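Q: I am new to this structure and would like a close look at one part of it. Please walk me through the links between side chains, and tell me what surrounds them.

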Amino acid sequence: MTASASGRDPVPAMDAAPGRDPVPAMDAAPGRDPVPAMDAAPGLAPGRPGIEPSQRPTGWSRRRRLRTSVVTAAVVAAVSVSAWALTNGRGDEQGPSPSGGAGRGAGDDRPLFSAGCSSVIAMGQHDECVREVQRLLHAKGADIGVDGDFGPQTLRRVTAFQVLAGLPPNGVVGEPTKKALYTSRVRMGVWSPQKVRQRVREAFPEVADKAVAIADCQSFLDPLHILPNTNGTRNWGLFQISDARLRELGGTPREALDPEWNIRAARKLWSRDRDFGDWPHCERAAEAPRSAATAHSGT
């Protein structure tokens with residue numbers, strides 16, 4: 001071998017090693033085109049022959065967008081669940097307001113509006129709904145037992161409350177009365193029996209003992225006593241002024257439940273003939289007056 005012009009030894013021929021066949025040339029397989037040279041044409045992406053940048057595969061971008069969408073959906077779901085939980089929490093504390101009223105839920109502090117109570121609570125009923133009516137009346141100052149029995153005394157107290165609250169005095173607890181029991185500021189506190197006796201004596205100095213006995217017989221000295229009659233009329237207050245006499249005197253049921261007004265009205269009726277002819281069935285009370293401590297009949 002002769003030295004090359006560049007001073008390097010010539011590369012020896014790639015003869016096959018002893019015992020091996022020579023490596024064949026990389027000609028294209030039959031039926032296939034030869035693999036082109038890997039030189040990128042001008043304007044094409046390096047390393048990806050024949051593909052412009054705008055034509056790059058989008059699989060990675062799709063995967064990335066999919067992951068982003070999944071993460072975003074998870075965040076939105078978590079926020080929605082949190083908001084729902086917070087809203088429900090507030091709802092449990094405040095609750096819906098039945099019949100437009102404000103406050104907590106019907107099952108929490110307004111049982112009369114719950115599904116467990118009938119739309120109208122009336123005489124003869126005995127349950128927890130009646131107990132709630134009695135509790136509300138008692139909280140407003142009414143003298144009433146809380147036993148769940150809608151008897152005569154509860155009827156009287158419901159009717160008196162309706163009069164004082166400006167509602168039709170029908171003696172049944174419908175929706176308007178239920179609402180008023182929860183929202184009205186009406187107070188049902190009354191004069192004590194001792195104060196009633198004293199004021200009656202002052203108004204009837206001529207017949208003080210008999211006048212007190214008549215009032216005791218008529219109302220047990222209870223200024224909010226109301227007695228319904230079989231003909232649909234009612235008697236009101238200490239001296240049980242009848243509807244007819246009330247119209248004659250130009251009064252109203254609300255005025256008749258005012259002990260001062262009632263005593264003066266009774267004095268006026270007595271003064272006509274200076275007798276208690278308006279209360280004939282209680283005439284005998286003058287000889288055997290009832291004690292103010294006598295319990296009210298019924299609840």
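A: Let's begin with a word we will need: a residue is called buried when its relative accessible area is under 20%, exposed when that area is over 50%, and partly exposed in between. Please also keep in mind that this is a predicted model.

With that in hand, look at C282. Its relative accessible area is 0%, so C282 counts as buried. C282 is joined by a disulfide to C217, with the two sulfur atoms 1.9 Å apart. This pair bridges distant parts of the chain, since C217 belongs to helix 7 and C282 to the segment after helix 10, 65 residues apart. About the S-S bond the angle is -70 degrees, and the link of C217 and C282 is left-handed.

The count of disulfides comes to two. The other one joins C117 to C129, with an S to S distance of 2.0 Å. The torsion about its S-S bond is about -100 degrees, so this disulfide is left-handed. C117 sits in the loop between helix 2 (106-109) and helix 3, while C129 is in helix 3, so the bond ties together parts that are twelve residues apart in sequence. Both cysteines, C117 and C129, are buried. Counting the bonded cysteines along the chain, the pattern of the disulfides is 1-2, 3-4.

Now for the charged links. Side chains of opposite charge can pair when their charged atoms come close.

An α-helix has 3.6 residues a turn, so residues three or four places apart point the same way. E128 has a relative accessibility of 56% and counts as exposed, whereas R131, at 31%, counts as partly exposed.

Compare that with R157 and D222, whose side chains meet in a salt bridge at 3.0 Å, N to O. Here the partners come from distant parts of the chain: R157 is in helix 4 (residues 152-164), and D222 is in the loop between helix 7 (208-219) and strand 1 (226-228), 65 residues apart. R157 is buried, with a relative accessible area of 2%, and D222 is buried as well, with 5%.

Leaving aside residues within four places in sequence, M188 is in contact with R157 and with others, including L137, A160, F161, L164 and L224. M188 and L137 belong to the largest nonpolar core, which has 50 residues; along with L112, F204 and F239, they touch the most other members. Helix 3, helix 4, helix 5 (175-183), helix 6, helix 7, helix 8 (243-249) and helix 10 are the elements that give two or more residues to this core. In soluble globular proteins, nonpolar side chains tend to be buried together.

Our last stop is helix 10. R267 and E206 meet in a salt bridge with N and O 2.7 Å apart. R267 lies in helix 10 (residues 259-273) and E206 in the loop between helix 6 (193-203) and helix 7, so the pair ties together parts that are 61 residues apart in sequence. E206 is partly exposed, at 40% relative accessibility. There is also a network of salt bridges that links R199, E202, E260 and R264.

Some of helix 10 is buried, including E260, I263, L269 and W270. Among the parts that cover these buried residues are helix 6, strand 2 (234-236) and helix 8. At the start of helix 10, a side-chain oxygen of D258 comes within 3.1 Å of the backbone nitrogen of E260. The helix has 15 residues, which should span 21 Å, and its end C-alpha atoms are 22 Å apart, which agrees. Just after helix 10, R274 has a positive phi of about 55 degrees. The segment after this helix holds C282, the cysteine where our tour began.

Methods:
Residues numbered from 1 in each chain as written. Predicted model: local features only at pLDDT ≥ 70, side-chain atom pairs only at ≥ 80, totals over all residues. Heavy atoms only, no water. Buried < 20%, exposed > 50% of the residue type's maximum accessible area, 1.4 Å probe, protein only. Salt bridge = Lys/Arg side-chain N within 4 Å of Asp/Glu carboxyl O. Helix = DSSP H or I, 4+ residues; strand = E, 2+ residues; numbered from the N terminus. Disulfide = S-S within 2.5 Å. Core = buried A, V, L, I, M, F, W, Y, C linked by side-chain atoms within 4.5 Å. Contact = heavy atoms within 4.5 Å. Expected span 1.5 Å × (residues − 1). Polar contact = N/O pair within 3.5 Å; in protein donor to acceptor, adjacent residues only side chain to side chain.
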